[in-house]
Amino acid sequence: MVESLQAVTGSDLMLNRRDLLYGVAGGSLAAMVGRFWNNTLDAPEPVIGTTPGAAGGIDWLESDALDRLEAMVGHWRAADDAHGGALFRDAVVAQLRTVSHGLADRPVTPLTARLFALVADLAGLAGWMSHDTARFAAAQRYWAFGVMASRRAGQPGRGAELISRMAHQRVFLGHPADALELLDVVDRVARQADPDHRLQAMLTAQRGRMLAASGDARSAQYFLACAGDLLAAAEQHREPAADWISYFTAAELAGATAVSRRDLRELHDKDIGPASTAFADAVLLRDPGYDRCQAMDRVGHVAALLNERQPEQACSVAHQALHAAAGLDSTLIRSRILTLTDAAGPFQRHPDVLALRERTSGMAVAGTVPAA
């Protein structure tokens, strides 16, 4: 793990280019991820320590150093939510590389487990930022390292959440069947975790999302409803949420419901409710600081109104949506704008929609799959 992580982060920082390939795909990806998790179950537990002179002499196994690193990860996570992945990706990758310099065989202690959890967080964040900057294969690699680090930290829930991000990427790239295979792996990993209604709600919503992309309206609706029940249970019991799953709130569920309704209608001609209503709910429910998600909700709302043949309402909310999107450097935002541009296509005789389409045409990325 150590040598591979060093090689990946080093070449990433040196080349700093977008991926030309999307990495491992299909059943091979699910099998690979399963091996990454299961092969560590019976293996000797490598742990994190420091080597002489590594990382500038910093001993990452000191509690104060861990406190500082945890705070920095929290800062980067908040910055990603607010600004998109482009601004801080290289800094996160560099920090991941620095910390991995200190990997060595040491006795297992609470501090080593804590640092493995931090490596998982850094790898997960590097993966998400890479995904948001269209470095899809790099994202896959970082998430894989995060899965291995989660296992060594004794956090199967964290590992399950990271594998779910791989599933999200596959549906983003237009491969929902691959995503469902990955979710089967997720379920096996998550069963090893302590009961956590919020994590289960997220994973259940993910399954509904993937089934919608596959065209299974009835099952999608069922799983989305179950996710709502699980999230309500988490709130009712006031379950503490780890930083890595705290993002899954009623707003996130509304967003998942919205894109599920959109995909069923636009890709499969099936109707389980208006996507525009769910997008509007997501906009209202978003907490401050989630600027990228807020912008995606707003742009999705405009596109959904156009798909539902409500051009006047779409144009009335479009300015605020595009203003929010314009300040973010994010592949996810550009993908959502592409859905808006496509939705505006049928309104060739509507001057306001034509103006809207002209404004968005330069903001989207050609070839990006409009399924985020």
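Select Glu161 and Arg165. Glu161 is buried, and Arg165 is buried too. Keep in mind that you are looking at a predicted model. Now show both side chains. They meet in a salt bridge, with N and O 2.8 Å apart. Which helix holds Glu161 and Arg165? Both sit in helix H7, residues 156-172. Glu161 and Arg165 are four residues apart there, so about one helical turn separates them.

Why might such side chains meet at all? Side chains of opposite charge can pair when their charged atoms come close.

**Next stop: Asp187 and Arg207**

Select Asp187 and Arg207. Their side chains also form a salt bridge, at 2.9 Å from N to O. This pair joins distant parts of the chain. Asp187 belongs to helix H8, residues 176-190. Arg207 belongs to helix H9, residues 197-214. Are they buried or partly exposed? Asp187 has a relative accessible area of 29%, so Asp187 counts as partly exposed. Arg207 has 13% relative accessibility, so Arg207 counts as buried.

Now select Arg77, Asp121, Arg158, Glu161 and Arg165 together. Salt bridges with shared partners join these residues into one network.

**Next stop: Asp67 and Arg114**

Select Asp67 and Arg114. They form a salt bridge, and their closest N and O atoms are 2.4 Å apart. Again, the pair links distant parts of the chain. Find Asp67 in helix H3, residues 63-83. Find Arg114 in helix H5, residues 110-132. They lie 47 residues apart. Color the pair by accessibility. Asp67 is partly exposed, at 37% relative accessible area. Arg114 is partly exposed as well, at 22%. How many salt bridges does the count give? The count comes to 20.

**Next stop: helices H6 and H7**

Select residues 136-152, which make up helix H6. At what angle do H6 and H7 pack? The angle is about 160 degrees, and the axes are 8 Å apart. Angles over 145 degrees count as roughly antiparallel, so H6 is roughly antiparallel to H7. The crossing of H6 past H7 is left-handed.

Zoom in on the contact. From H6, pick out residues including Phe136, Trp143 and Val147. From H7, pick out residues including Leu162, Met166 and Phe172. Arg165 is also among the H7 residues in this contact.

**Next stop: Thr331**

Select Thr331. It is located in helix H15, residues 331-344. Thr331 has a relative accessible area of 3%, so Thr331 is buried. The backbone nitrogen of Ala134 is 3.3 Å from a polar atom of the Thr331 side chain.

**Next stop: Arg209 and Thr257**

Select Arg209. This residue sits in helix H9. With 6% relative accessibility, Arg209 counts as buried. Arg209 and Thr257 are 48 residues apart along the chain. Their C-alpha atoms are separated by 7.3 Å.

**Last stop: the whole chain**

Zoom out and show the cartoon. How many helices and strands does the protein chain have? There are 16 helices and zero strands. Color by burial next. Of the 372 residues in the protein chain, 56% are buried. Finally, look at contacts between residues at least 6 apart in sequence. Of these, 77% join residues at least 24 apart.

Conventions
Residues numbered from 1 in each chain as written. Predicted model: local features only at pLDDT ≥ 70, side-chain atom pairs only at ≥ 80, totals over all residues. Heavy atoms only, no water. Salt bridge = Lys/Arg side-chain N within 4 Å of Asp/Glu carboxyl O. Helix = DSSP H or I, 4+ residues; strand = E, 2+ residues; numbered from the N terminus. Buried < 20%, exposed > 50% of the residue type's maximum accessible area, 1.4 Å probe, protein only. Polar contact = N/O pair within 3.5 Å; in protein donor to acceptor, adjacent residues only side chain to side chain. Axes fitted to C-alpha atoms, helices over the stretch in contact; angles between N-to-C directions. Parallel < 35°, antiparallel > 145°, perpendicular 65-115°, else oblique. Left-handed = near helix turned anticlockwise from the far one by under 90°. Contact = heavy atoms within 4.5 Å.
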